[in-house]
Amino acid sequence: MSNSPLTPGIVPARLPVASYARNFADHTPPLDRHEARVAADRCYFCHDAPCITACPTSIDIPLFIRQIATGTAEAAATTIWSQNILGGMCARVCPTETLCEEACVRETAEGKPVEIGQLQRFATDTAMARGLHPFERAAPTCKRVAVVGAGPAGLSCAHRLALHGHDVVVFERRPKAGGLNEYGIASYKATGGFAQREVDWLLQIGGIEIRTGVELGRDVSLDQLKAEYDAVFLGVGLAGVNALRAEGEDKAGVRDAVDFIAELRQSEDLSNLPVGRDVVVIGGGMTAVDAAVQSKLLGAETVTIVYRRGQEKMSASGYEQDHAVQTGVRIIHNAAPVRVLGNGHAEGVEFAYTEDGPGGLNLSAETFTLKADQVFKAIGQTLSGTPAGLAVEGGKLAGHSGKVWVGGDCAAGGEDLTVTAVAEGRDAAEAIHAALTGA
Amino acid sequence: MANLSADFIGIKSPNPFWLASAPPTDKQYNVERAFEAGWGGVVWKTLGSEGPPVVNVNGPRYGAIWGADRRLLGLNNIELITDRPLEVNLQEIKEVKRKWRDRALVISLMVPCDEDSWKDILSRIEDTEADGVELNFGCPHGMAERGMGSAVGQVPEYIEMVTRWVKKHSRMPCIVKLTPNITDVRKPAEAAKRGGADAVSLINTINSITSVNLDDFSPEPMIDGKGTHGGYCGPAVKPIAMNMVAEIARSADTRGLPISGIGGVTTWRDAAEFMALGAGNVQVCTAAMTYGFKIVQEMISGLSQYLDDKQIGLSDLVGRAVPNVTDWQYLNLNYVAKAHINQDDCIKCGRCYAACEDTSHQAIAMSPERVFTVMDDECVACNLCVNVCPVDNCITMVPMAKGAVDPRTGRRVGDYANWTTHPNNPSARAAE
């Protein structure tokens, strides 16, 4: 291949083959045993610790760190998994700087929190490497629960239900389980096929059957599930994507960022994955950053994120924004797309500056144009294919009704984070368990 | 910069920081490196009698305990006295002393408990021009099993006897090094004084097992599956050592007996504390073994700065805290303090709350916003919150003014009164 970052159009192999492995290596290399001990020693073992409160799954963080400090990382992993069965993935993808680590008293004291995420990864990696799965199923209850969606919420729910002795069937529309862990996050955050390893590890509990390629509303109906199972949990995520509502959105080269990320994650050989020379990503969340950074890592010459509001409104964390900038991504704030330019294929995007007024966002008369042969839309996902009869609130499923429980990104309330989905799946499982057993 | 030169029982050194008799002072190479780094003096590692030297184990000689970040807090050892031939040591001592005239060089000695052995060794060291001798009556392992070291140091009569022999057969200043493995350190100190010692040095190491191997079930350091008690030293022993120094400094029978302070001295501050409690100089080992000889530079600069700030000389520091070391019964029971938490410094870890609530007097309130405040009507000023707080000086003990009402007891803060006159004391004497 003779492509380079300067090759026009959307083409593969812009970089020497060796660059891909380096660019997509573990973004935050794991702590080794010594580093973990040093990091663990910094924890003050706070009373009623703020980090626990800040964790959506309420992991007993001071306890697991103390367990690491005393040389029992396996016990630490048990502490983590008791609250968050996907603790391994959460250790990798949680925006810890806005959760536990923001609350850490050493952030207050020194501006340097205890490295909670990294320590959590150390503990869970250590225990997984030893093949430990420290949970045992309760005696079978002969109750059957259908879980729709094998993402973080569904998997968390399924594991907790199986733990309580229920039989669980998980329906997943995609070919693999894992949800956004497998299809939706940047590749350098969960290297080495970690998402699948974690699913396999989680299934060791037993009592969980995963049926992939089955989509709710297409292959199976909610009524069928309600009839066949004692309870149903919906963790279907947000499968729809918001439209740009800009002229020329249908031109070739304009694409949903989530699809690009999913394709990248499933790619066997990243040098075969085409990417534009000039990439524009529209949006301000984690998806926008993941798409932008990975475009850059694939060899795009210029990558620009354009967000319609100010920097403070971006839902991507400060850490993620910094990471994007360090990778060479430019971030433009307060500008919205007006039209995609080009003859059949995108060649550029015209933006108007925005002004945040009392009546909402207004486009100013001043515009500018960015060169773009590839445009990614990352302006939010929406619920799609909602089964009839379910209450919707603010564009999301409203909550438990009858035999149906909901959780994860598709459910109202809570942030759209992996860790929140895990918490909601777990809590729904406890509620289902209580309902089924009369406990 | 303050003048740190010290005169300890007539032995002069450019500063009061000596290296204690131990592995760092076993040979010319180390001692010269120490002097180059700035140490004021050394006590050469203990020499034994002429003849085949002692042998050491060929496995681990040291065990340790650590604090956060694996900071070494305590070290123990099962090493014996020098295992090099006497002649080699004597030759090196002579050479070093000749090259380093301004530094103190004291020789540590340990020979069998008979007069001839002591007379002989003293005559052997005579022409090294060393500045003095230190009698090793402290070593708690190995040599003690052979009737030397702490086996002598634990019997005041032996201390007196040997000290007397040494003074009889040598003109050198004599320092008697004391073992802490006794019940009352004043007794051996008194014995040394009676025997004519010019000074005592303390403490030697403490009998200890630092760790147990939980796979092989043996004390550590472990030699082929077995372990023995070793001598404990380092920062962890400093409080024990300082109490013993203070006991000798304030006892009527030993008051005025020069003391060389030893035990966990790591920084200038540790040294200043020992000296305030009556030590005329200090000896250091573990800190050097942990960080190397260079640490003396911080000790020198720190002590100088302190003396300059206080506008006092080194000799003014020695013993300055001794008058304030008293018995519990003389403490002012009418002194009332209350803990105060500086909210600006508080990082809201809640350790003070957990400590007070779970293990003390339930005197700290915690608000839903994690604001921690002291309840003066419950606080007994125990200081535990101060000690567990990770932020230096965030929690302080604020004394109440005389005449103020203590909200805990409802009583006014009164004049000095101690237990000897307290109404609850069955043997109270009437206040004069």
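**View 1. A positive phi follows helix α8 of chain B.** Just after α8(B), G278(B) adopts a positive phi of about 115°. Helices here are DSSP runs of H or I with at least four residues, strands are E runs with at least two, and both are numbered from the N terminus. The model is predicted: local features need pLDDT of at least 70, side-chain atom pairs count only at pLDDT 80 or more, and totals for chains, interfaces and linings use all residues. Residues are numbered from 1 along each chain as its sequence is written, while chains are lettered from A and ligands numbered from 1 in the order in which they are written. Helix α8(B) spans residues 268–276 and is mostly covered, with 7 of its 9 residues buried. A residue counts as buried with 20 or more other C-beta atoms within 10 Å of its own, as exposed with 12 or fewer, and as partly exposed in between; C-beta atoms are placed from the backbone. The buried residues of α8(B) are W268(B), D270(B), A271(B), A272(B), F274(B), M275(B) and A276(B). Their packing partners in chain B include β3 (17–19), α7 (238–250) and β16 (279–284). Also among them are β15 (259–262), α10 (295–310) and α11 (314–317).

View 2. What is the burial state of the residues of β7(B)? In this strand (residues 104–109), 6 of the 6 residues are buried, so β7(B) is largely enclosed by the rest of the structure. A104(B), V106(B) and S108(B) point one way, and L105(B), I107(B) and L109(B) the other way. Strand β4(B), residues 41–47, runs parallel to β7(B) and is joined to it by 5 bridges. Two strands pair if DSSP finds at least two bridges between them. G41(B) has A104(B) as its bridge partner. Strand β8(B), residues 132–136, also runs parallel to β7(B), joined by 4 bridges. There, L109(B) stands opposite L135(B). From β7(B) the chain passes through helix α3(B), residues 115–125, to β8(B) in a right-handed β-α-β crossover. Right-handed means a clockwise path from the first strand over the helix to the second, with the strands pointing away from the viewer.

View 3. Strand β9(B) covers residues 174–177. C174(B) and V176(B) point one way, I175(B) and K177(B) the other way, and all are buried. Pairing of β8(B) with β9(B) is parallel, over 4 bridges. N136(B) stands opposite K177(B). Strand β10(B), residues 199–202, pairs with β9(B) in the parallel sense over 3 bridges. K177(B) stands opposite S201(B) in β10(B). The chain crosses from β9(B) through helix α6(B), residues 186–194, to β10(B), and the β-α-β crossover is right-handed.

**View 4. An open sheet of chain B is antiparallel.** The sheet has 4 strands in the order β5-β6-β14-β11. Its edge strands, each pairing on one side only, are β5 (62–66) and β11 (206–208) of chain B. Neighbouring strands are turned by 35° against each other on average, direction ignored. Axes are lines fitted to C-alpha atoms, for helices over the stretch in contact; angles run from 0 to 180 degrees between N-to-C directions. β11(B) and β14(B), residues 230–233, run antiparallel and are joined by 3 bridges. G231(B) in β14(B) is the bridge partner of N207(B).

View 5. Chain A is divided into domain 1 (17–25 + 242–377), domain 2 (33–129) and domain 3 (144–239 + 383–437). Domain bounds come from an automatic or database domain assignment. The C-alpha centres of domain 1 and domain 3 of chain A lie 30 Å apart. Their contact takes 10 residues from domain 1 of chain A and 8 residues from domain 3 of chain A. Contact means C-beta atoms, placed from the backbone, within 7 Å. On the domain 1 side, α14 (257–266) and α15 (286–297) of chain A each supply at least two residues. The largest share, 5 residues, comes from α14(A). That side has 7 nonpolar, 1 polar and 2 charged residues. Ala, Val, Leu, Ile, Met, Phe, Trp, Tyr, Cys and Pro count as nonpolar, Asp, Glu, Lys and Arg as charged, and the others, Gly among them, as polar.

**View 6. Q196 of chain A is partly exposed.** Q196(A) sits in helix α12(A), residues 194–202. Within 10 Å it has 15 other C-beta atoms. Leaving aside neighbours within four places in sequence, Q196(A) is in contact with K176(A), G178(A) and E182(A).

Terms used: Two residues are in contact if their C-beta atoms, placed from the backbone, lie within 7 Å.
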